Amino acid sequence: MSRLNGCDQTALHRKGKIAMLKNQVYKGIIFTAASAVIFGFTPILARISYDGGANGITMTFLRCLLSLPVLFLILKIKGIPLKVEPAWRMPVAVCGVFGAFATTVTLYMSYSYIPVGMATTLHFIYPVLVTAGCVLIFREGITIKKVLALLCGAAGTVLFLEHFSAATGSGTGIFLALLSGLFYSIHMVVMDKSGIKNMHYFKLSFYLCLFGAALSGIYGGVTGQLALHLTGQAWLFAFLVSICASVGAISLFQLGIRYTGASTAAILSTLEPITSVILGVLVLGELFTARKIAGCLCILLSVVLIAAAGKKR
């Protein structure tokens, strides 16, 4: 009888563990999706601030700088020490350089050569790169549903690109946009595999913003692109972008990687262009074409497939 009870307890423990893992996956999906939505609408706010004298480099600098006092205050209130464990210092620095600085700078530089829509679409090569890196380098398993989700997400993103031709851009702009995707994929894989995804999310956001502010400030100062003579409205929207992206979206994205892994989080982040497209229609009066509708449906299908794959896992 005791042996049977022991078996029952083991079965119950196993079921409880499976349920907990499922809940973690679903939490990761929700966190990543929320992060993608926030990242999707902040460009609308940034575009408004550009009318008040800001530019890409200035926005990168202010997005990181203005969030630092807020993040520092949150850490102090929560009693979270600022000290970083020695094993995590190098990964944090790598993520700060590649994620907070290099990704943004190369993407904004590409805007000088090719349309913003094309650059953003090319930037979203990173889900493919992240998944390939996790599978080939780290021998991470991949399911059929995950492959289908990746293909649907990639197809949906490409559908948002309505005028892709040799005449619309230059090789330099294409190279820079693809390079930004490569840098961001490095950031994601390092965050996942180094273990810093387990660092407190506000602490990691603080250090990423610290690197981003320092490097973008130096870069903008050297190149003369750091413009701080902004209107009051531009400062307000720059602050809103800073809080939404650096305090909210980055922290949620880290939690998404913690619970789902880098490759799954990368695929789910394709919700970002959906948000940009919808707000572009509602706020900026852009056209909602058949291609954009098809793109939205493809990306939503990829999210459903990821959720199904997470349930099975």
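These legends accompany close-up views of one predicted protein model.

Residues are numbered from 1 along each chain as its sequence is written, and side-chain values use heavy atoms, with hydrogens and water left out. Because the model is predicted, local features need pLDDT of at least 70 and side-chain atom pairs count only at pLDDT 80 or more, while totals for chains, interfaces and linings use all residues.

View 1. Helices (H or I, at least four residues) and strands (E, at least two) are DSSP runs, numbered from the N terminus. Along the sequence the pattern reads α-α-α-α-α-α-α-α-α-α-α-α-α. The chain holds 313 residues, and 47% of them count as buried. Buried means under 20% relative accessible area, exposed over 50%, and partly exposed in between (1.4 Å probe, protein chains only). Accessible surface comes to about 15000 Å², with 71% belonging to carbon and sulfur atoms. Those areas come from the Shrake-Rupley method with a 1.4 Å probe; for residues, only the protein chains shown count as cover. Among contacts between residues at least 6 apart in sequence, 89% join residues at least 24 apart. Contact means heavy atoms within 4.5 Å.

**View 2. Leu62 sits in helix H2 (residues 56-65).** Leu62 is buried, at a relative accessible area of 1%. Neighbours within four places in sequence aside, Leu62 is in contact with Leu228, Leu230, Trp235, Ala238 and Ser242. The C-alpha atoms of Leu62 and Phe239 are separated by 7.5 Å, although the two residues are 177 apart along the chain.

**View 3. Phe101 and Tyr219 form one of eight aromatic pairs in the whole structure.** Their ring centres are 6.2 Å apart and their planes stand at 70°, so the pair is edge-to-face. Phe101 belongs to helix H4 (residues 86-110) and Tyr219 to helix H9 (residues 201-223), so the pair ties together parts 118 residues apart in sequence. Phe101 is buried, with a relative accessible area of 16%. Tyr219, at 22% relative accessibility, counts as partly exposed. Rings of Phe, Tyr and Trp (its six-membered ring) pair if their centres lie within 6.5 Å; planes under 30 degrees apart count as stacked, over 60 as edge-to-face and the rest as tilted.

**View 4. Tyr184 and Phe253 make a stacked pair.** The ring centres are 6.2 Å apart, with the planes at 20°. Tyr184 lies in helix H8 (residues 171-194) and Phe253 in helix H10 (residues 232-260), so parts 69 residues apart in sequence are tied together. Tyr184 counts as buried at 13% relative accessibility. Phe253 is also buried, with a relative accessible area of 4%.

**View 5. Helix H8 has 24 residues.** Gly195 follows H8, and its phi is positive, near 95°. The charged end of Lys193 sits over the ring of Phe138, 5.4 Å from its centre. The criterion is NZ of Lys or CZ of Arg within 6 Å of the ring centre and within 35 degrees of the ring normal.

**View 6. His123 is found in helix H5 (residues 116-123).** His123 is buried, with a relative accessible area of 8%. Beyond neighbours within four places in sequence, His123 is in contact with Thr103, Leu107, Ala177, Ser180, Gly181 and Tyr184.

**View 7. Phe72, Phe206 and Tyr207 form a cluster.** Ring pairs link these residues.

Terms used:
The expected span of a helix is 1.5 Å times one less than its number of residues.
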